[in-house]
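Open the structure in your viewer and keep the selection tool ready. This tour goes stop by stop, with something to select at each one.

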Amino acid sequence: MLFVILRYVIQIYSFALVIYILMSWLPGLYHTWFGRELGKIIEPYLGLFSFIKPLGFLDLRPLIALLVLQGLEDYVLPMLMGLVL
């Protein structure tokens, strides 16, 4: 049951991260109430990847962060479930 809840939390957070990434196409959205609140949730996680420097104008941090979340959901959680069962 705990792993199912964790999987849903990761999926919801991944969805929020994708929304935050898409908001970058219209930078004014970051200054709305929704953008500020979403930033409070997403920016600390993206900060973990601050060692990755942008390639020119292309920031790869969100892509790497999303891949890490998908890896957690697809590989780490099933392995942990196998250890517990």
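What follows is a walk through helices, salt bridges and a nonpolar core.

Keep in mind that this is a predicted model.

**Stop 1: helix H3**

Select residues 61–84, which make up helix H3. H3 has 24 residues. From the first C-alpha to the last it reaches 32 Å, close to the 34 Å expected at 1.5 Å a residue. Now look for the bend. Where is the kink in H3 centred? Go to leucine 72: the kink there is about 40°.

Next, colour the buried residues of H3: Arg61, Pro62, Ala65, Leu66, Leu69, Glu73 and Leu77. What do they pack against? Show helix H1 (2–23) and helix H2 (33–47), and you have both partners.

**Stop 2: arginine 61**

Select arginine 61, in helix H3. Is this arginine buried or exposed? Its relative accessibility is 18%, and buried means under 20%, so arginine 61 counts as buried. Leave out residues up to four places away in sequence, then show what arginine 61 touches: Leu46, Gly47, Phe49, Ser50 and Ile52.

Aspartate 59 is partly exposed, with a relative accessible area of 32%.

**Stop 3: the other salt bridges**

How many salt bridges does the model have? The count comes to three. As background, side chains of opposite charge can pair when their charged atoms come close.

Select arginine 7 and glutamate 73. They form a salt bridge, and their closest N and O atoms are 3.5 Å apart. Arginine 7 lies in helix H1 and glutamate 73 in helix H3, so this pair ties together parts that are 66 residues apart in sequence. Check the surroundings of each partner. Glutamate 73 is buried, with a relative accessible area of 7%. Arginine 7 counts as partly exposed, at 29% relative accessibility.

Now select glutamate 37 and lysine 40. Here the closest N and O atoms of the salt bridge are 3.2 Å apart. Both residues sit in helix H2, three residues apart, which separates them by about one helical turn. An α-helix has 3.6 residues a turn, so residues three or four places apart point the same way. Lysine 40 is exposed, with a relative accessible area of 58%. Glutamate 37 is partly exposed, at 29%.

**Stop 4: the nonpolar core**

Select Leu17, Leu38, Ile42, Tyr45, Leu46 and Ala65. These have the most contacts inside the largest nonpolar core, a set of 16 residues. Which elements give two or more residues to this core? They are H1, H2 and H3. H1 gives the most, with six residues.

Zoom in on leucine 38. Set aside its neighbours within four places in sequence. Leucine 38 is then in contact with Ala16, Ile19, Tyr20 and Met23.

**Stop 5: an annotated stretch**

Last, select residues 12–33. An unreviewed UniProt entry places the feature "transmembrane region" here. In the model, the chain over residues 12–33 is 59% helix and 0% strand. The end C-alpha atoms of this stretch are 19 Å apart.

Conventions. Residues numbered from 1 in each chain as written. Predicted model: local features only at pLDDT ≥ 70, side-chain atom pairs only at ≥ 80, totals over all residues. Heavy atoms only, no water. Helix = DSSP H or I, 4+ residues; strand = E, 2+ residues; numbered from the N terminus. Buried < 20%, exposed > 50% of the residue type's maximum accessible area, 1.4 Å probe, protein only. Contact = heavy atoms within 4.5 Å. Expected span 1.5 Å × (residues − 1). Bend = angle between axes of the 7 residues up to and from the residue. UniProt positions renumbered as here; feature names shortened; annotations may be inferred. Salt bridge = Lys/Arg side-chain N within 4 Å of Asp/Glu carboxyl O. Core = buried A, V, L, I, M, F, W, Y, C linked by side-chain atoms within 4.5 Å.
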